[in-house]
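Subject: Structure for you to look over

Hello,

I am passing on the structure we discussed. Please look at it first; my notes follow below.

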Amino acid sequence: MQSSPYNLRTPQIATPRDALPRRRSPRQHKAIPCIQRTDVESEDEYGTDVEDESMDTTYSPYKSDKSLVHRSLDSSKEDTPEKVRKTPQNRHNKSGDKKQYGDEQNSPDSIKTQKLETSINKVKSGKNNNAICGSNLLFVACFLAIVGVVYFHIMMSDEITAIPNNHNLLENFNADMKAFQSMFPAQTRRFLKIVRVSLKRIIVETNPDYPAILLLVAPSGSKSSATGTCIAKQLTKSMNTLFNVTSARVINVPNDISHNNADDEKKDLDNKIKDSFENEHIRSLAVDHFEQLSPRASLLFHGYCDGDNAPFKNVAIVFILHTEIDKNLLQQDSRLIDNHLRELWSRSEYPLDQDKIDPLIARVANNAAVITEEENLKC
């Protein structure tokens, strides 16, 4: 059998692209869909047919572009991981997973679990806070306990050192009072008791709240007046000796105070009292002839004898009031002393107001002792 001179399967030599004519004949244009359909069918059924591509030697920009598109799609499919590709099935699965996860979170059991975990965390945080607070309170309590123990030992040591001194002062004071009783044997037991109780307070108390005030009242008679002055000197001397002050301090109003006017008298008396307590460090002084002070000068002792705001609280002030009242009357009725002072301060040339007299009497005459004259004075 003679072979046909025309063999359709014979390969043809491909012409370079640059040598192809720019115009396309209608015949070539008609062949494009046939070739494209053959490639697509081969790709869909069997994949890319290398033999068919090698046989196709006709150039077509449309085919070239389509081939490039198919190759890019194939490369993207090969390079992209399967788990990243978005297919309807994958999208369905992901949405299903999300829905399922949301359902699990919103289920009653999960809500109860979350609430239980939240309450447990709160309890744990509360226990931690309580533990921290407890440790802080324990530290503060220990610190305060240590401070209290130290303070207690300091106070006890101060008291231990102060008690013997006060005890010695009290023993010396009692001894002096016995000597005082021997020196003035005519004085009554009531008189001695008032003197002892009035002065003992600044001996026993380390920091007294107010000074010791004593009013010695001399009845009518020269011997009684002299006895009062002598007793005042002896008491102030004994008190100062207890506190290592050797001098006795007695302010005699007629002789030691200037009497130009009431203001000068008050100022001079104030300076002498301050000088005695501040500069000479005297612990006891006597104001003799207290009745001769002007009412304005006497008002000075409203502050010195005050129970709360006295400028000097660990001192003793002794007043000697000379009167013309009978001894028996004074001993029977102590109100006569208050009445006598009220008359002195209200009937003078410059009297005090009534609202000032009674408070002054309460300060200077609270401890009043009536003197009994002595036959043999040793002053």
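In what order do the five strands stand in the open sheet, and is the pairing parallel or antiparallel? The order is β2-β3-β4-β1-β5, and the strands pair in the parallel sense. Please keep in mind that this is a predicted model.

The chain as a whole

The chain has 379 residues, of which 29% count as buried. Its secondary structure consists of 14 helices and five strands. Taking contacts between residues at least 6 apart in sequence, 71% join residues at least 24 apart.

The sheet

To return to the sheet, its five strands form an open arrangement, β2-β3-β4-β1-β5. The edges are held by β2 (249–252) and β5 (368–370); each has a single partner strand, so one side of each lacks a neighbour in the sheet. On average, neighbouring strands are turned by 20° against each other, with direction ignored.

As for the individual pairings, β1 (residues 212–218) runs parallel to β4 and is joined to it by seven bridges. In this pair, A212 lies opposite A316 of β4. Strand β3 (residues 284–288) also pairs with β4 in the parallel sense, over five bridges. Here L285 has I317 of β4 as its bridge partner. Between β1 and β5 there are three bridges, and these two strands run parallel as well. L216 stands opposite A369 in β5.

Strand β4

Is β4 buried or exposed? Seven of the seven residues of this strand (residues 316–322) are buried, so β4 is largely enclosed by the rest of the structure. The cover extends to both faces of the strand.

Two helix pairs

Two packed helices are described by the angle between their axes and the distance between the axes. I looked at two such pairs.

For helix α6 (residues 189–204) and helix α7 (residues 222–242), the axes come within 12 Å and cross at roughly 30°. Angles under 35 degrees count as roughly parallel, and α6 and α7 are therefore roughly parallel to each other. Their crossing is right-handed. From α6, the contact is made by F191, V195, L199, I202 and I203, and from α7 by I231, L235, M239 and L242. By class, the residues of this contact are nine nonpolar, no polar and no charged.

Helix α13 (residues 335–346) packs against helix α14 (residues 354–364) at an angle of about 135°, and their axes are 10 Å apart. At that angle, α13 and α14 are therefore oblique to each other. The crossing of α13 past α14 is right-handed. On the α13 side the residues are D338, L341, R342, W345 and S346, which meet Q354, I357, D358, L360, I361 and V364 of α14. This contact has six nonpolar, two polar and three charged residues.

How many charged residues does each contact have, then? The contact of α6 with α7 has no charged residues, whereas that of α13 with α14 has three.

Regards

Conventions: Residues numbered from 1 in each chain as written. Predicted model: local features only at pLDDT ≥ 70, side-chain atom pairs only at ≥ 80, totals over all residues. Heavy atoms only, no water. Buried < 20%, exposed > 50% of the residue type's maximum accessible area, 1.4 Å probe, protein only. Helix = DSSP H or I, 4+ residues; strand = E, 2+ residues; numbered from the N terminus. Pairing = 2+ DSSP bridges. Axes fitted to C-alpha atoms, helices over the stretch in contact; angles between N-to-C directions. Parallel < 35°, antiparallel > 145°, perpendicular 65-115°, else oblique. Left-handed = near helix turned anticlockwise from the far one by under 90°. Contact = heavy atoms within 4.5 Å. Nonpolar A, V, L, I, M, F, W, Y, C, P; charged D, E, K, R; others polar.
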